[in-house]
Amino acid sequence: MRGGRLDTAPDAVLLPADAAAVRRVLEICAAEGVAVVPFGGGTSVVGGVEPLRGTHGRLVSLDLCRLRGVEVDRRSLTARLGAGLRGPEAEAALNAEGVVLGHFPQSFEYATIGGFAATRSAGQASSGYGRFDALVSSIRLQAPAGAIQTLQTPHTAAGPALRELLVGSEGVLGVIPEVSVRVRPAPPLRRYEAWIAESFEAGAEIVRALAQGPGLPEVIRVSDEEETAGSLALSGQRGVAGRLFGAYLGLRRRRRGALVIVGFEGEEEAVARHRALTVRALRAGGAAYLGRAAGSSWEHGRYQGPYLRDTLMEIGAMVETLETSHTWSRLGELHAAVGGAIADALLAQGTPGLVFCHLSHAYADGASLYFTFISRARHGAPLEQWAAVKRAASEAIVACGATITHHHAVGRDHAPYMEAVVGATGLEVLRALKAQLDPAGIMNPGKLIP
């Protein structure tokens, strides 16, 4: 749209009112050879809902916005949610029942429950609440060949988990009309605060100590030195306040430090206990306290990144994000390799830029790294510029043995690297699964499976 080209668009948009209508649409499209792209909030950043036709001449977009059911089992702390509910709508309905899902990706304002499941999403509070796949207790798939419904039980030893095959399936196997999820009592207290570590490496070590020790708070993220400098510059502190803050950082020897955002949610006593353990680890790791105002500022602006990206693109900037994850033993290597590959690729395009990174979504064995790069867009060839940088970053990720995506899913952009993640035999398993559930090959062509 920015280039003034609308070469691809679906031939029709269909809005089924229930799972039965979804089934009928898929039956007709399979019989007629019409490709189907399931559509939720349209927030995919990897081409997940690109209207690719594959070998099919016709294509429909299956908008799931009318699938909006909500059923809460307060005793079991589970909820059945329609795929078309947007993040805020689902949370509002759950909050009315005194519970919370706690899934807050940056796309929260528009992304949907079905999209969370289809892309194996992770939210900003996943360290405490868990990734979306960990929240799914049961899932339903309507495929062209038939329906699959997993049991809603806490656990089962009945063979390989079909639930795991359907979560993250990205619409290539069928449509997810509803999901049952685990919820929690709504937290009466939320506390966000900011600290600054001596360096990105020091901040990562603090997170590792928490993940392998007393446990992580609901939110914890560490910006590298470059992202920290950018965040502080964007905070708008000027004049006396800016000088005082700069003097404070100098006093604490943190002028080139790494910003750490920490968030706690729950009962007051539990938050106090968890915070005490976290503060002990932060101080032991050499971090200095910046206060609650900086933490609250991050919380209030947590969904603003995409809007800033659009603004920057309007004035001729190239802005993109990508993410990956690895073990603690190789996280430093991954950070240096991917950041270096992006910087070198931008330079080779004649558009040197800024490369930022933060650590998030931590585990006992490793963590996710989220990269952002900003440069001048190459005049007349911004897509070629983007493709070159994306390719360099992806090849660096693969060379390090890391995953090609931690929470943005595969879509179209990452599909060429799937074999490096699952292996040649793994790809054949996925192709066999698709052939069984979608024999006509109509479901979301060109995504996930190369």
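Start at Ile-374, which counts as partly exposed because its relative accessibility is 22%; here buried means under 20% relative accessible area, exposed over 50% and partly exposed in between, with a 1.4 Å probe and protein chains only. Before going on, note that this is a predicted model, where local features need pLDDT of at least 70, side-chain atom pairs count only at pLDDT 80 or more, and totals for chains, interfaces and linings use all residues. Residues are numbered from 1 along each chain as its sequence is written, and side-chain values use heavy atoms, with hydrogens and water left out.

Ile-374 sits in strand β17. Helices (H or I, at least four residues) and strands (E, at least two) are DSSP runs, numbered from the N terminus. Setting aside neighbours within four places in sequence, Ile-374 is in contact with Leu-312, Met-318, Val-319, Gly-353, Leu-354 and Phe-356, where contact means heavy atoms within 4.5 Å. Glu-299 is another matter: Ile-374 and Glu-299 are 75 residues apart in sequence and 23 Å apart in space, C-alpha to C-alpha.

Now hop over to Pro-352, in the loop between α13 and β16 (354–360). Pro-352 is exposed, given its relative accessible area of 56%. Again leaving aside neighbours within four places in sequence, the contacts of Pro-352 are Leu-346, Leu-347 and Ser-375. Tyr-417 is 65 residues from Pro-352 along the chain, and their C-alpha atoms are separated by 26 Å.

Follow the chain past β16 and you come to His-361, in the loop between β16 and β17. Phi of His-361 is near 55°, a positive value in a residue other than glycine. With a relative accessibility of 8%, His-361 counts as buried. Leu-448 also has a positive phi without being a glycine, near 65°. That residue, Leu-448, lies in the segment after α15 (418–437) and is buried, with a relative accessible area of 10%.

What about helix α14? Its 18 residues (382–399) should span 26 Å at 1.5 Å a residue, and the end C-alpha atoms are 26 Å apart, so the two agree; the expected span is 1.5 Å times one less than the number of residues. The buried residues of α14 are Gln-385, Ala-388, Val-389, Lys-390, Ala-392, Ala-393, Ser-394, Ala-396 and Ile-397. When reading that list, keep in mind that an α-helix has 3.6 residues a turn, so residues three or four places apart point the same way. The cover over the buried residues of α14 includes β15 (317–327), α13 (328–348) and β17 (366–376). Just after α14, Gly-401 takes a positive phi of about 75°.

On to the aromatics. A search of the whole structure finds five aromatic pairs. Rings of Phe, Tyr and Trp (its six-membered ring) pair if their centres lie within 6.5 Å; planes under 30 degrees apart count as stacked, over 60 as edge-to-face and the rest as tilted. Phe-116 and Phe-132 make a tilted pair, 5.5 Å centre to centre with 55° between the planes. This pair links distant parts of the chain, with Phe-116 in helix α3 (residues 113–118) and Phe-132 in helix α5 (residues 132–135), 16 residues apart. Both Phe-116 and Phe-132 are buried. Elsewhere, Phe-104, Phe-108 and Tyr-303 form one aromatic cluster.

The cysteines are next. The structure holds zero disulfides, a disulfide being a pair of cysteine sulfur atoms within 2.5 Å. Cys-65 is partly exposed, with a relative accessible area of 31%. For Cys-357, the closest cysteine sulfur belongs to Cys-400, and 12 Å is too far for a bond. Cys-357 counts as buried, at 1% relative accessibility.

Finally, step back to the whole chain. The protein chain has 15 helices and 17 strands. Its radius of gyration is 22 Å, close to the 22 Å that the globule rule gives for 450 residues, so the chain is as compact as a globular protein of that length; the radius is taken over C-alpha atoms, and the rule is 2.2 Å times the number of residues to the power 0.38. Of the 450 residues, 49% count as buried. Residues 24 or more positions apart account for 75% of the contacts with a separation of 6 or more.
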